[in-house]
Amino acid sequence: MARDGFEVAVNGINNNYKHSNGKSNGISAYSNGHKVNGAQSKVQSTKSTPTFKEHFEQTPLGVAIWTYLGYAILVVIGQIRDFLRSIGIEKIKSCTEPKLPGFVPLFQSWESFYTRNLYRRVRDCWNRPIGSVAWAEMDILERVSYDHGWNFELTGKKQRVLNLGSYNYLGFSQNEGPCADAVEDIVNKYGVGTCASRQEMGYLDLHRNLDILVAEYLGVEDAITVPMGFATNSMNMPLLVGKGCLILSDELNHASLILGSRLSGASIRTFKHNDMEDLEEKLRFAVAEGMPRTHRPWKKILIVVEGIYSMEGSIVRLPDIIQLKKKYKAYIYLDEAHSIGALGPHGKGVVDYFGLNPKDIDVMMGTFTKSFGAVGGYLGGSKNLVNHLRVSSHSAIYSGSMPPCVIQQVISSMKIMLGKDGTNEGKQRIDTLAWNTTYFRQRLVEMGFIVYGNEHSPVVPILLFMPGKISCLSRECLKRGLGIVVVGFPATPIIESRARFCLSAAHTKEMLDKALDILDEVGDLLKLKYSRLKRQPALAESDNKELKNGTRNSSVSTFADLCTLSMKIIKTL
Amino acid sequence: MYDMFQALLQAPSYHLFFEALLIIWIFKLLFFSKAYAPESVLTEKEKEELIAEWQPEPLAPEIPDDHPVLMAMENNIITGKPGKYVTINGKSCVNMATLNFLGMAGNPSVEAEAIKTLKKYGVGSCGPRGFYGTMDVHLELEDKIAKFMNCEEAILYAFGFATIASAIPAYSKRGDVIFADEGVCFAIQKGLVASRSKIKWFKHNDMEDLERLLIEQAKEDKKNPKKAKVTRRFLVVEGLYINYGDLCPLPKLVELKWKYKVRLFLEESLSFGILGSNGKGVTEHYNISPDDIDLIAASLENAIGSTGGFCCGKKYIVDHQRLSGLGYCFSASLPPMLATAAIESLRLIDEKPGMLVELRENCEKIHSKLSDINGTVIVGEPISPVKHIRLAEPSTDRDFDVQTLQKIADLSRDNKVAVTLARYLEEEEHKLPLPSIRISVNNQLSDEEIDTVFTTLSEAFQKIITH
């Protein structure tokens, strides 16, 4: 769980690994799973993309203290209420497990403490049902809870809001237009379901067409598609590595990658988020030392990374990883769930963004859920790899094949992106998304929010820190007609609750301005503008100045380190 | 304070020395605990050599383009609707391969509903259920399923395989015990692996073997009551086994459940919508209340003819998955048009239970006919819509038998009856069933069509086996 959350890392793509990073203090300690380091400033000679800038501004000390205090209060009150419930003073409104004599309870009481006492208070911020297409605007169905979040009822009213929550990067989540028309045709021709797996008479000509198109889109030899994005990872990773193999996994990888790694039976080691030095160290160690105890060499080493990390908004340092892969003969598994379609001048993902050769990536994985407005995922790579997957993939044998309507949505939207529909609509969508991303991020930074991630990532997290502000922001924004996603512990480290905005090509400038106005207002209301880089809009700075920023913060961080450290000691006591 | 200082001065020097050591040691623990970089005795040069020497295995084994499975797929490419008839390579064949038991795939009213939804919601939902991926149609489908199954609540997954594979690890954790039938399908097997619990396999549908294991467990629990108090015990079975076409002995299982206090999870992917007078599955077939089952899971990809899956049961059980079901929390929700297609299918089953009677009649007819084919064994219950035809005298070489069966399937396809081999990942299955041709029955088959199927298959068998 250690991550560079406390750092201001202004990093250029570095190709010189021997170069030391500017750790300003010698103390490093773990606190709540966070590595607290001095600010790193790795501004070095940049290679292919000179504008690779990622910001993870440090948590201000006072805010950190208040945040911990907030959780402490919540936990204490939760304990008191649990006590009141146990002696029967407070009525239990949740649906609790009846006591069956002789049966071991299905859930332990402490397991659901968090759900019962913390999550329940803010439940209305998630699972909001919608009654329309998840486009740039959507209809949220109004819910009420008469028992403080235990149960909800729909009132039947709808509210039209701006949608900054759905992963609709290219705006293909549409109920009209060429894609929807083509899908309608295909449903008339092919029906709804296939009722069979790929290998058991569920292989339509549409599947073959889709595989070919996806391979062309990615620039790889061949590809195979799976009806569910999550299952693309969890059902196929076991085919690539197994016992005696090593998976080096970024610590912030998605649950599906973690499950897939676990199911594969390979040994798993994590490296610090996007930290190439840590990765190289672990790679060197793995190759030189081999397996633990026996010291036999590993059969294979697979580096598992994502294109865009959906909670951080950071972009993987792919050029560095390819270099490491070549040096240490490892394989790369790249999950482009969020980056495919959303990054790069041609919308072909993070490979396109860095101008790299897709053949350098051994396994290109991605989903159709986000940019293409469909559902499912793909795996692309060499012809032999894909043949192997076709023959032995769990998803090709034991699960239904992709339904025709979904295939057609992907084919139609992908053809638009490739310009095969004879228009330049695809290009326009990419450009609009890129413009929206830069504009939205820049405005947020100027307003003084702490914005995480890469300047080109359409996933834009802003930090909220305090637990009370999570629900406040979400509710206040909804009141003003803006639907956003907020996330807190356990999806993020306990201190770094955040709101996440997903930009879309469907957003117009007017919409973004409206959203920004709302965020500005609510941000002032809730005092969310924590950033101390306010006066120096980071995006416009030159490298030198950023270096200064980094060092300036580092002095603060030494103090913060000590404080976090002392808090750790207090906690252990 | 002064006293303390005095005490410090008067303390013997060795005492102070030890205390100083202790303080240094604590400091070291606090500040340099990370410094244990895995120490290696290798020099940098040796490391470089090792790195240069190391050759990894290839990522994927060599698979030629003419691998039999690839060939079988390329030779059976379907165009158009896979209904009662299916077009394979331009030839229309009677469809005895896809699990479309009630003809919901290809049903015009199901398609009409899907298109209606498409025009309102588009295709994808572009988000997981938590983040604006919940549409009113998802809630409606969950509601309809719960009502259909007479359960308190249902939860919808976007993918059939992920349903049970996510549900099991949501409840059963490391240290818990799961009793599982050896014949369970692959999705359950993956769920069991993901749970990291202790798995105790009992012989397929052998209740005595199960009881033996349960008694064993009870004895173990008596020895260590403290551990037994926190060890959850589960029993996982399939309603209608896809690998064998037979039913689980549910009344006995329920009896054992109450006797030995285990939680019963029932996977009904094949039986849901098929068995029982209203299609409510094995519980209805055996006339057992769904309340006796802790969790029922099923896929919507077979009889319902859509995509996705669901779990249903008591609210306090099912609700837990909304935060703990990996495939539920971390995956985009089911495309709304597929949800409404499932709603429509459910409505049709509810409205016309007559089709279930037709299906059962067809199943029995086909069962008795197929039993007459020489040189084969037919595995499965007569009322099961899935039947496995195995070779009566299998050779010792599994690959050879698979090839023989593939030839039979190819020949019968050329004669316009589409059948498929039951495919397995041979190395991955817990207990690999014998190779077989899997027949699935459709309620719309007429007697003439059943006759054609029989003659074609029996001819194909005779021709290939006698060769």
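Helices here are DSSP runs of H or I that hold at least four residues, and they are numbered from the N terminus. With that convention in mind, and remembering that this is a predicted model, begin the tour in chain A by selecting residues 61-86, the span of helix α1, in which A:I73 is found.

Because its relative accessibility is 5% and buried means under 20%, A:H338 counts as buried. Next, display the side chain of A:Y169, which is joined to the side chain of A:H338 by a polar contact of 2.7 Å.

Now move to chain B, where an unreviewed UniProt entry places the annotation "transmembrane region" at residues 12-31 and 154-172. Select residues 12-31 of chain B, a span that is 95% helix and 0% strand, with its end C-alpha atoms 29 Å apart; then select residues 154-172 of chain B, where the span is 63% helix and 21% strand and the end C-alpha atoms lie 19 Å apart.

Finally, select residues 93-454 of chain B, where UniProt, again in an unreviewed entry, places the feature "domain: Aminotransferase class I/classII large". Over these residues chain B is 44% helix and 16% strand, and the end C-alpha atoms are 14 Å apart.

Technical notes. Residues numbered from 1 in each chain as written. Chains lettered and ligands numbered in written order. Predicted model: local features only at pLDDT ≥ 70, side-chain atom pairs only at ≥ 80, totals over all residues. Heavy atoms only, no water. UniProt positions renumbered as here; feature names shortened; annotations may be inferred. Helix = DSSP H or I, 4+ residues; strand = E, 2+ residues; numbered from the N terminus. Buried < 20%, exposed > 50% of the residue type's maximum accessible area, 1.4 Å probe, protein only. Polar contact = N/O pair within 3.5 Å; in protein donor to acceptor, adjacent residues only side chain to side chain.
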